[in-house]
Amino acid sequence: MRVGVARLARGLPWLLPGRDLHLLSSFARAEASSLLDLLAAARQTTSPERRALYVQHALDEAKHARMFSSRAAQLRAERGLVGGDERVDFEDLFARLGEVGFLAFVHRGEARGRRQFEVHRDTFARRGDARTEAMFETILGDERRHESYTGELLVELAGKRGAKKALRRAAWWEAWRLWRRAGRFVAQLLFWAVMMLAFVALTPLGLLVRAVMPAPRGWLREPPR
Amino acid sequence: MAAILGISCHYHDAAATLVVDGKLVAAVHEERLSRVKNDASVPLRAAAACLRIGGIPVTALDHVAYYENPYGKLERVLLSLLRAFPASLRQFPRAIGGQLGDKLWIVDQLAEGLRVERKRVVLGDHHRSHAAASFYPSPFASAAVLTVDGVGEETSTAIWRAGPDGLICLERLGFPHSLGLFYAALTAWLGFAVNEGEYKVMGLAAFGKPRFADEMSRLLKISSDGSFELGLEYFAHTYDSALGFSPRMETLLGPRRMPGRPWALGEIDDQRYADVAASAQAALETALLALARRAREITGETALCVGGGVALNAVANRRLLAESGFSRVFVQPAAGDAGGALGAALDLAVSRGEPRMAPLVTAALGDTADPAEAASLAEALGFRARRVDDRAATAAALLEAGRVVAWVQGRFEWGPRALGQRSILALPQDASVRDRLNRVIKEREPFRPFAPAVSDEKAAQLFDGAPNDMTPFMTTVCTVRPEHAHALTAVRHVDGTARVQTVGAHGVLAPLLAEIERRALPVVLNTSLNGPGEPIVAGAVDAVAFFARHPVDALLVEDVLIERAL
């Protein structure tokens, strides 16, 4: 779906003011988050060969995160902006999904990322931004390799039928996760609205607290409750 | 006799500790295992690691001690939001949502996450946990204890008397007046991340002159009885905890510094920011000295323990030792909120009649790294790995050849400092090594200093005031003796001080220092084994991944030497 949106919108996201920075930063965050999950997988797998593959993959993700955040920083500097969002998510997917489920999830993610980045690379090629196009092309090389090795490992561990089943399960898991995230988002909005109402309703109490229970000043001698 | 798991989490620096029969068995920060810097989530990984290290099954746990009381905290949050009405409109949903949706349910989260009975989870008090964490590991039979941080349930500062009868709170100051939040607001104003950038302010302060004393006296008013108040009109923590300072602070001190802008201390603008940092540091030190003198006066004790996040201000701790009237001062290595996990467990153990723990002599309380795993992974990634007979001699030879060595030995450290278990090492003579470390490996601001590790026998010859009760844990600074200033260029800060770690005969760095002493001063530059924004390395995979990503010359995991292929 995200690839479809990217394809339909083509260069649009990059033309909206500040949107390119947002996208680059979100790619950097996604790569940094993936790095954490891959290192966790490397710590948990029982196979030394797969451990090395996961660490190598994690190193690539670290490189990509850096490329995206550096490009975002360059653009920010050119526009006299500062800052940047450095949050990362760590989901410990290996522990949650098991190694086969983890590989299926990563394989799907890499394939989706590759298709998305191909769209973005083409967008920059059309706009004549050779620097950003080259950045995407470099990353695409790694993404293809990641897609390929995770697919091969998946078949090696689960067999052809098992791999297909794992990929279907990963797709369901992703859809379920998206559903839950949407639910959480709606719940947050509702909570926000209820809290605003509560805040207004608490007005008299707020005034009362200020008059009756002002903030403490100076030494208090009673022990903490 | 009992096994008690201590837990702190939900704000910053989640951690778990295990105390068995009064002995501290393990202490682990969650971030080391999750690899998320300042991870605040419920530390189930750290708890599992502590139990594994201690060989204690979860069913054998008598109690899980949580470091604070979430109900007391909710009450304070609600009251302070109501007091700040209507300015707290934006903060209200976020703060109440965080409390009701997550933090309030810690007992259930721990019971379910650890699979222990709910009734085994015991709630502590935030500042009491800090006080216990600072006193019980100290070498003192009795002491005054000063706990200073942002805020706990409602207390921001407290003075305690500690001794064989336990801890008694004598006086305390309440939110919103807080030295932690004073320093945090200035940290944010200087463009650094709160709860992470306070060290940077401390380092930056040495480059400035405290010429904003008048402005600081409006922000922080110190009374003759040692108490203090914030000029609340300059702060925003009662209604916007994300920012911490109000527009009036920008009117008073000028516009805030934009985060992420490269530093140029030769330029007027940045020199002004350094002067503000110096002024804030001076104001903090004055306030802490007033508090410590008050503690001395009302307790009559000669030794002082300091806990809470503000106790990590190593520069201020030096002044506490020199000027407060106490003959000895102790600050444990994880004095911030992570230390609450330790304090909660120790306090509960003592209250149950368990013996008090022996004085803390090492911070190596975490897990080990497997050298065989590091060797096989390194080889699979194309590096050369080989076993060495004498790791100290090997590392010394590399350092003497001007190399930078990543060093992974024994159990990882407790606290935010690398104390020789997970370190990047170099020789301290060469300023260019320091610049290379700052620029290429650590990628951090040029004004941030590196610390020396020195054998405690030789410490006094090189550093004024070393060794003392804090130097084994790097929680204070000492002045480099002038005659050695040149030889210690890379570890000497611009003000002539260094955040010294003294290493005893059994310290993990002791053989290396002895080896170096054959040809030079027994000192190494020691900085934490992590890159920018990363937690310090924990296990073998993290260590090899660090080596692959950062241009250090060699990695020594126990007796396995890993180098880049020629």
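Trainee: How many residues does the contact take from chain B, and how many from chain A?

Mentor: First, a caution: this is a predicted model. The contact takes 44 residues from chain B and 40 residues from chain A.

Trainee: Which elements of chain B each supply at least two residues of the side that touches chain A?

Mentor: They are α3 (70–83), α4 (91–101), α6 (126–135), β8, α14 (371–380) and α19 (540–549) of chain B. The largest share comes from α19(B), with 6 residues.

Trainee: What classes of residue make up that side of chain B?

Mentor: The side of chain B that touches chain A has 20 nonpolar residues. It also has 12 polar and 12 charged ones.

Trainee: Now the sheet. How do strands of a sheet pair?

Mentor: Strands pair through backbone hydrogen bonds, either parallel or antiparallel. Here, 5 strands of chain B form an open sheet, and the pairing is mixed. Read the order as β8-β7-β6-β11-β12.

Trainee: Which are the edge strands?

Mentor: They are β8 (166–174) and β12 (328–330) of chain B. Each pairs on one side only. From one strand to the next, the twist averages 20°.

Trainee: In which sense do β11(B) and β12(B) pair, parallel or antiparallel?

Mentor: Parallel, over 3 bridges; β11(B) spans residues 303–307. Find Leu304(B): its bridge partner in β12(B) is Val329(B).

Trainee: Which strands does helix α11(B) touch?

Mentor: Helix α11 (residues 268–299) of chain B packs on the sheet. It touches β6 (143–148), β7 (155–163), β8 and β11 of chain B. The direction of α11(B) makes about 145° with that of β6(B).

Conventions: Residues numbered from 1 in each chain as written. Chains lettered and ligands numbered in written order. Predicted model: local features only at pLDDT ≥ 70, side-chain atom pairs only at ≥ 80, totals over all residues. Pairing = 2+ DSSP bridges. Helix = DSSP H or I, 4+ residues; strand = E, 2+ residues; numbered from the N terminus. Axes fitted to C-alpha atoms, helices over the stretch in contact; angles between N-to-C directions. Contact = placed C-beta atoms within 7 Å. Nonpolar A, V, L, I, M, F, W, Y, C, P; charged D, E, K, R; others polar.
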